[in-house]
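Reader: I am new to this structure. Please take one part and walk me through it closely.

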Amino acid sequence: MDQQSDTYKTIQSPSEGLYKDKGSRFIALAFPADDQEQVRTILEELKKEYHDARHHCYAWMIGHERTRWRANDDGEPSGTAGKPILGQINSAGLTNILIVVIRYFGGTLLGVSGLINAYRTAAADALKNAEVVTLTVQEHHEMVFPYAAMNDVMKVLKEEHVSQSGQQFGQECRILISFRLSAAERVIARLSRIEGVKLTLREKNDD
């Protein structure tokens with residue numbers, strides 16, 4: 001796996017955008033989101049906070065492979081809200097992101113093209129105000145090994161720039177290690193060649 005395939009772009013922190021047309025206000029709110037549970041929580045909070053708004057339309061994309069996504073029109077004509085918002089996420093090549101555009105109706109209908117433009121422009125404004133960052137997909141393993149293998153293990157960890165946490169050293173040593181996905185095959189192969197080393201995959205995540 002090359003290093004390009006385990007990196008992804010997302011936003012650093014929440015950002016806002018705004019678009020107005022014929023009295024209607026479109027408030028766009030973009031959030032970093034690592035999973036669908038987080039998306040649900042944010043949506044519930046926004047629906048409470050903006051309970052007097054006519055529509056809460058949104059789109060999200062999750063996972064470094066950018067294969068999990070959803071777009072929701074929340075009562076607007078089909079394809080006029082969620083898809084234009086998702087289009088902005090795709091244009092920027094982002095993932096692990098939720099964009100919600102909240103509409104306060106101004107009394108004048110905007111028509112299909114007007115709505116598409118409004119939701120697209122509001123979402124684009126939120127992204128324009130966001131800080132985009134490139135992150136790496138990490139694999140996390142628990143490693144158990146005999147104390148006698150300590151020097152060999154530490155040599156590999158140092159050479160491969162592997163992150164360590166939760167060390168417990170005794171006759172049997174235990175460490176939580178993390179490394180980027182593109183290096184996983186090589187790191188695991190090197191560690192597995194050391195006598196007594198046992199690796200257990202804990203999780204693979206986008207962080």
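Author: A polar contact is a pair of N or O atoms within 3.5 Å; within protein, one must be able to donate a hydrogen and the other to accept it. Keep that in mind for Ser192. The model is predicted.

Ser192 belongs to helix 5, residues 184-192. A polar atom of the Ser192 side chain lies 2.7 Å from the backbone oxygen of Ile188. Ser192 is partly exposed, at a relative accessible area of 46%. Val153 is 39 residues away in sequence, yet the two C-alpha atoms are 9.8 Å apart in space.

Now to helix 1. This helix covers residues 36-49, 14 residues in total. From first C-alpha to last, helix 1 reaches 20 Å, close to the 20 Å expected. Val39, Ile42, Leu43 and Leu46 are buried in helix 1. Seen down the axis, the buried residues of helix 1 fall within an arc of 100 degrees, so they line one face. They pack against strand 3, strand 4 and strand 6. At the start of helix 1, a side-chain oxygen of Asp35 comes to within 3.2 Å of the backbone nitrogen of Glu37.

Next, the largest nonpolar core. It has 25 residues, and Tyr119 is one of those that touch the most other members. Strand 3, strand 4, helix 2, strand 6 and helix 3 each supply at least two residues. Helix 3 gives the most, with 7 residues. Beyond its neighbours within four places in sequence, Tyr119 is in contact with residues including Phe26, Ile85 and Val101. Apart from this core lies another, of 18 residues, among them Phe145, Met150, Ile177 and Val197.

Methods: Residues are numbered from 1 along each chain as its sequence is written. This is a predicted model: local features need pLDDT of at least 70, side-chain atom pairs count only at pLDDT 80 or more; totals for chains, interfaces and linings use all residues. Side-chain values use heavy atoms; hydrogens and water are left out. Helices (H or I, at least four residues) and strands (E, at least two) are DSSP runs, numbered from the N terminus. Buried means under 20% relative accessible area, exposed over 50%, partly exposed in between (1.4 Å probe, protein chains only). The expected span of a helix is 1.5 Å times one less than its number of residues. The arc is that of the directions from the helix axis to the C-beta atoms. Contact means heavy atoms within 4.5 Å. A nonpolar core is a set of buried Ala, Val, Leu, Ile, Met, Phe, Trp, Tyr and Cys residues joined through side-chain atoms within 4.5 Å.
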